[in-house]
Amino acid sequence: MHKEILVIEDNPDIRDLISNILKAKNFEIRSAANYDQAEFEINRKLPDLAIIDIKLDKHDKDGIDLLKLIMKKNKLIPVIMISGHATVQVALNSLRLGAYEFIEKGANFSSEKLINYINRALESFKLKKEKNTIEDKLFHSFELIGKSPSISKVKKIIEKLSTSESRVLIYGPTGSGKELVARKIHKNSQRAQEPFIIVNAALLKENSYEKELFGEEFEDGNISFGALERANKGTLLIDEVSEIPYETQANVLRVLIDQKFKRLNGSKDINVNIRLISSTSKNLNELVQVNRFREDLYHRLNVMPIELSPLNSRTEDIPLLIDYFKKKLSEINGVHQPKIDIKNDNLYTYNWPGNVRELRNLVERITILSSNDTKENINKLIADILNPLSSNDNNFMQKSFSSPLKEARENFEKEYLIIQLKKNHGNISKTAEFIGMERSALHRKIKSLGIKGIN
């Protein structure tokens, strides 16, 4: 399939000259004679490459504005700027804004140089696109795996949201898959072909929230587009939304109400049409009570809440996750699937503080290091990596040997029962049967030892 190039030039002789040169090289050509035609063509369909004259017929708009428009839609699209009157500063400015190259018209114009620039730009575009595709396969293509009640419920909610534009607030501990859920919601929505933009509020510097979200206008006319503008018509995920400063929260609320905002140092309203998804590992309702999060914003965000459980509360999903990850990661890394024993007790007694992300990292490490190893050696590797209870072993032993016999016995019973309950996914009947204890007696023992939250 031939590459499509959009030629934007108000001089008909130069426009025809460039178009004919490119047609002779088997490129598909679209052309525009003025700013309005060019804007229409860009909005209709992005080309594989654009050639833009800086000076056009519209006094308040020029080729630089068209460059900004293309960069806003897709920063990967190569753009070659041309001009017969531009200053060095204008040329440098266009390159800084994302243009691939700048060419002078007139006596120094060379069709051979133009073709070379185009071929290099298209090759660069191809490499960048392939890189993004690889990254997409590495992370974004992963599925939401599990048959536990909590994950089944999340899957049903995502399915129901496919025809809805409701705002979503995703709760869950770090590594539980909040971003993955947000991506699935976007992928299943009517906005699937539009941008999906992420702002991780926990990683932003204290004074950069406004700029990151709303963008900024500079005295020289340049614009830094914010996440809201880049996500226009698509979906914006604000990860760890609780980290947004209280003052900035009011501005976010205003966007949700009015669907418009002003850039920093800007005077013109920017209209946007976005779907906002938020995620948090904190309890926003508690933050509202202590005036660290705006109640009105909380209610605007929390239209459709989704809660992701920690991995240690849905250990029945661990075998499914391991099977999925080892197939996916062995394919990505080009190695054999490792012989991971899904009955390995360490996988179920470990607390998984990093949740699904930590389990995936474990499987990837085993896939890379031990794909051809025996099941026994892999079990040993898992024990070494997870080292279950090791962080508490020394403290536990010291505490036991320095305690009276009754207290030491209670400490041991508590640790023992926690391990057995986790192995049986919190099932009291199965645990009682395994340890040889009456179900009612086990209930009383659990209560007397203060064991809570085992699922």
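**Reading strands and helices**

Analyst: Strand 6 (residues 168-171) and strand 14 run parallel, joined by four bridges. Two strands pair if DSSP finds at least two bridges between them. Helices (H or I, at least four residues) and strands (E, at least two) are DSSP runs, numbered from the N terminus. This is a predicted model: local features need pLDDT of at least 70, side-chain atom pairs count only at pLDDT 80 or more, and totals for chains, interfaces and linings use all residues. Residues are numbered from 1 along each chain as its sequence is written, and side-chain values use heavy atoms, with hydrogens and water left out.

User: Which residue stands opposite Leu169 in strand 14?

Analyst: Pro305 does.

User: In what order do the five strands of the open sheet lie?

Analyst: Strands of a sheet pair through backbone hydrogen bonds, either parallel or antiparallel. Here the order is 7-10-13-6-14, with parallel pairing. Strand 7 (196-200) and strand 14 (304-307) are the edges, each pairing on one side only.

User: How do the axes of helix 15 and helix 16 cross?

Analyst: Two packed helices are described by the angle between their axes and the distance between the axes. Helix 15 (residues 355-370) and helix 16 (residues 375-386) have axes that come within 11 Å and cross at roughly 135 degrees. Axes are lines fitted to C-alpha atoms, for helices over the stretch in contact, and angles run from 0 to 180 degrees between N-to-C directions. The two helices are therefore oblique to each other (under 35 degrees is roughly parallel, over 145 roughly antiparallel, 65 to 115 roughly perpendicular, the rest oblique).
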